[in-house]
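Let's take a walk through a protein together, going from its overall layout to a few places inside it. Have a look at the sequence and the 3D view first.

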Amino acid sequence: SKPSVYITREVNKEALDLLNTQCDVTFWTGPGPVPRSELLKNIENKHALFCMLTDRIDSAILDRAGNNLKIIATMSVGYDHLDVPEIKKRNIKIAYTPGVLTDATAELAVALLLATSRRLLEANEEARTGGWQAWSPFWMCGPGLKGSTVGIAGFGRIGQEIAKRLKPFNPERIIYYNRSERKKEAEEIGAERVNFDDLLTQSDFISVSLSLTPETKEMFNEAAFSKMKTNAVFVNTSRGGVVDQQALIKALQQKKIWGAGLDVMTPEPLPLDNPLFKLKNCVILPHIGSAAVETRKEMGLICAKNIVAAFKGDPLLTELKT
Ligand code: GLV
Ligand code: GLV
């Protein structure tokens, strides 16, 4: 019999078609993410799991899966929702989707940065609700990129592409913080490596593209926000967990920083009564970094290809090796 795959969401046709040629496919068809009780039930005896970043894959799920499970493919570049050590311990392979979403996410980061600094959503709201009385010299102004210092926190694939896209806006400097040096890439882009404190104190714009790990968890805390410039625009397109959100709320309320653009936060979805929604200097997006039509198709297809490769005993296309 064919190997079995459980998909935690209805995915694109290209991905489903490919899997259907090789495996028995079942998937969650509900409108939202698969409920945990359903996932626990449906993972039993499956050979592959195709999951989303909304699914927490931990030892309880792995125990329930049993010994057949050979591969977990997550339709995301982030993998903080996976208990990687537990998965590796059981000799289960992990595939993810780096690369294909880099451009889409970098695009979104730039859009979010500009939407925040130039107050696009607030201005749109004013225009629609009668706040637009007349063109006014200082109304709806925000900081410009030209001549500024742009700070990139996390200079991996996505961080580098954000830097490249911001360069034509003519900042004076692009600086980056990264655990390891990225000498060649940085030279090509014209970015300088700095320590975390210098990134905080020198940047006019800070764009975060760090992966969430125990080391980066709540790295942007009260101390960090207090070191930032009062004109600083803070943009996060990585994971909400890298930010101490209470500290960010306080920094925004007290105008310790100028504004924030968030595509990620804690928890997601952000409850409607969260103070962030009350802040005009905060732009909130519902985690849409990779949400370009072609990108999402590619992400689905890559997961399917990895699963097929695993069943054939071929090397994975995009294996997570940590
Ligand atoms: C999105 O956040 C992803 O990890 O792909
Ligand atoms: C703005 O519309 C200008 O003409 O300066």
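A residue is called buried if 20 or more other C-beta atoms lie within 10 Å of its own. Keep in mind as we go that this is a predicted model.

With that idea in hand, turn to helix α7, residues 157-166. Its buried residues are Ile-158, Gly-159, Gln-160, Glu-161, Ile-162, Ala-163 and Leu-166. That makes 7 of the 10 residues in the helix, so α7 is largely enclosed by the rest of the structure. What do these buried residues pack against? Their partners are the helices α5 and α8 (183-189), together with the strands β6 (149-153), β7 (173-177), β8 (191-193) and β9 (205-208).

Now step back to the whole chain. The domain assignment gives domain 1 (4-100 + 293-312) and domain 2 (102-284). Taken over C-alpha atoms, their centres are 32 Å apart. Where the two meet, 5 residues of domain 1 are in contact with 7 residues of domain 2. The side of domain 1 that touches domain 2 has 1 nonpolar, 3 polar and 1 charged residues.

Next comes the largest nonpolar core, which has 95 residues. Helix α5 (residues 102-117) gives the most to this core, with 9 residues. Cys-303 is among the residues with the most contacts inside the core. Beyond its neighbours up to four places away in sequence, Cys-303 touches Ala-15, Phe-50, Ala-73, Met-75, Ala-95 and Thr-97.

Finally, find ligand 1. Around it are Leu-53, Ser-76, Val-77, Gly-78, Leu-101, Gly-289 and Ser-290. This shell has 3 nonpolar, 4 polar and no charged residues.

Notes. Residues numbered from 1 in each chain as written. Chains lettered and ligands numbered in written order. Predicted model: local features only at pLDDT ≥ 70, side-chain atom pairs only at ≥ 80, totals over all residues. Core = buried A, V, L, I, M, F, W, Y, C linked by C-beta atoms within 7 Å. Buried ≥ 20, exposed ≤ 12 C-beta atoms within 10 Å, placed from the backbone. Helix = DSSP H or I, 4+ residues; strand = E, 2+ residues; numbered from the N terminus. Near = placed C-beta within 6 Å. Nonpolar A, V, L, I, M, F, W, Y, C, P; charged D, E, K, R; others polar. Domains from an automatic or database assignment.
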